[in-house]
Every structure is written in structure tokens, then in C-alpha cells.
Amino acid sequence: NYLRFYILLYIKMNLKDHIRSIKDYPKKGILFRDITTLIKNEKAFTECIDEIVERSKKFKFDKIAAIEARGFVFASAVSYTLKKPFILLRKKNKLPADRHAVDFQLEYGKATMEIHKDSIDKGDSVLLIDDLIATGGTAGAAAKLIEISNGSVAGFIFVINLFDLGGVKNLTTKGYKVENLIDFPGHWYFELTLYHDFLPKIEFNNPINLQVYFAFKTLLNIR
């Protein structure tokens with residue numbers, strides 16, 4: 001168990017090195033975590049998919065669903081690897097056949113998500129995969145679509161969790177199981193506050209404090 005923990009920790013640290021952070025995008029105060037720098041590196045992308053596949057072993061599911069659009073990148077690769085049916089959850093009016101729809105609140109406005117009515121059979125257990133969770137509004141809407149389609153949510157796997165925005169807590173409070181590969185803060189000022197106010201006060205002659213320091217550096221991806 002300890003060996004597996006350190007292997008997973010190494011993988012997380014390695015994957016974080018391939019996430020680009022962009023300050024004040026898409027609006028001031030937000031630190032955008034860009035996955036395009038991860039997926040353009042074949043080794044990092046392979047490790048990411050392998051880790052999602054490994055995490056998926058914690059769930060029992062019949063199908064895999066993903067949220068438009070970046071979720072498709074990861075979920076389709078996992079679906080191919082596991083030989084599981086792949087279901088698309090798309091934006092309004094993007095699907096051609098009869099569909100269910102759910103309206104939900106985004107961090108920056110309102111949106112609608114849809115699913116084909118014939119995508120989920122009654123009793124299907126569905127694993128939901130997406131690139132990132134922030135407040136959890138999109139993920140919550142995805143869960144509703146699965147449930148109104150007479151399926152059940154086996155769990156969620158996210159590549160990135162913006163832990164200060166509370167999305168994982170919102171999902172787990174509702175009883176959903178959640179896994180994520182990487183933790184980042186979602187606000188750049190939160191990251192700077194921890195870095196400038198908390199970390200410099202650590203007494204480095206204490207080995208335990210030194211471990212805490214490196215844990216925070218790993219968590220926040222501070223270099």
C-alpha cells in the first residue's frame with residue numbers, strides 16, 4: 001500500500017508539471033488550468049489515461065459518459081481501453097435525436113446539457129469522466145441526466161480538482177463517489193496567500209514541518 005501511494009504521488013507530481021496555469025482567465029481572479037499542454041505530450045497523456053483506468057477499478061459500471069468538450073478527450077480513450085460503451089453529454093441542440101435536457105448554473109452564466117434518450121438503458125451504471133471540477137454545477141447536471149434516463153451514477157473521475165471551489169464536496173455531500181488525479185487551487189490569490197503568508201513561517205529545522213512544506217508545494221504546484 002505504501003509503495004502504491006508513493007507511485008501515485010509521483011505520477012500526480014509529474015502530471016502537474018504538464019498543466020499550464022494562466023492568470024486572470026477567463027475572468028479576473030481565476031487561475032485557469034490548461035490541459036492542452038498535458039495532452040500534447042504523449043507520455044503525460046498516456047500516464048493520465050492509465051491513472052484514470054486504474055482509478056476506475058474502484059467502481060462497478062456498465063458505460064462511460066463524458067461532458068462536452070474536454071471530457072471527451074479523456075473519456076473516449078478510457079472507454080476504448082476498457083471496451084465500454086461511450087456516451088456523449090452535449091451542449092444544447094448538438095444532438096440530433098430525441099433527448100433529455102437539464103438546465104444548470106455555471107461559474108460564468110447558465111447552460112443546458114443534453115443526452116440522447118436511447119443512450120442509457122434502465123439500470124445502467126455509468127461512470128462520468130471530465131477534465132476538471134470547479135464548483136460542481138456541470139457535474140451535478142450530468143448526474144441528473146443519467147438519473148432521468150433511468151440509470152445510476154457509479155462515480156466521477158476528474159483529472160483536475162480546483163479544491164477551493166468546493167465541487168467535490170458538493171458531489172460527495174449528495175452521496176456521489178469522486179476520484180481526481182490532481183489538486184489545484186482555482187484562484188491565484190488563494191495560492192499566493194498560502195505561499196507568502198503560510199509557507200515562509202514554517203521552521204525548517206523541524207523534519208515534520210519540512211514535510212508539510214513540500215506537501216504544500218506539491219499541492220499548489222509552487223516552483
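In this predicted model, Ile160 is in contact with Ile19, Arg33, Ile35, Asp131, Leu132, Ile133, Ile182 and Phe184, when residues up to four places away in sequence are not counted. Ile160 also belongs to the largest nonpolar core, a set of 28 residues in which Ile160, together with Cys48, Ile52, Phe74, Ile129 and Ile182, touches the most other members. Two or more residues of this core are contributed by each of helix H3 (42-56), strand S3 (63-67), helix H4 (70-82), strand S7 (125-133), strand S8 (152-162) and strand S9 (178-184).

The strands S3, S7, S8 and S9 are part of an open sheet of seven strands, which follow one another in the order S5-S6-S4-S3-S7-S8-S9 with mixed pairing. At the edges of the sheet lie strand S5 (99-106) and S9, each of which pairs on one side only, and the twist from one strand to the next averages 20 degrees. Strands of a sheet pair through backbone hydrogen bonds, in either a parallel or an antiparallel manner. S3 and S7 run parallel and are joined by four bridges; Ile64 has Leu127 in S7 as its bridge partner.

Terms used. Residues are numbered from 1 along each chain as its sequence is written. This is a predicted model: local features need pLDDT of at least 70, side-chain atom pairs count only at pLDDT 80 or more; totals for chains, interfaces and linings use all residues. Side-chain values use heavy atoms; hydrogens and water are left out. A nonpolar core is a set of buried Ala, Val, Leu, Ile, Met, Phe, Trp, Tyr and Cys residues joined through side-chain atoms within 4.5 Å. Buried means under 20% relative accessible area, exposed over 50%, partly exposed in between (1.4 Å probe, protein chains only). Contact means heavy atoms within 4.5 Å. Two strands pair if DSSP finds at least two bridges between them. Axes are lines fitted to C-alpha atoms, for helices over the stretch in contact, and angles run from 0 to 180 degrees between N-to-C directions.
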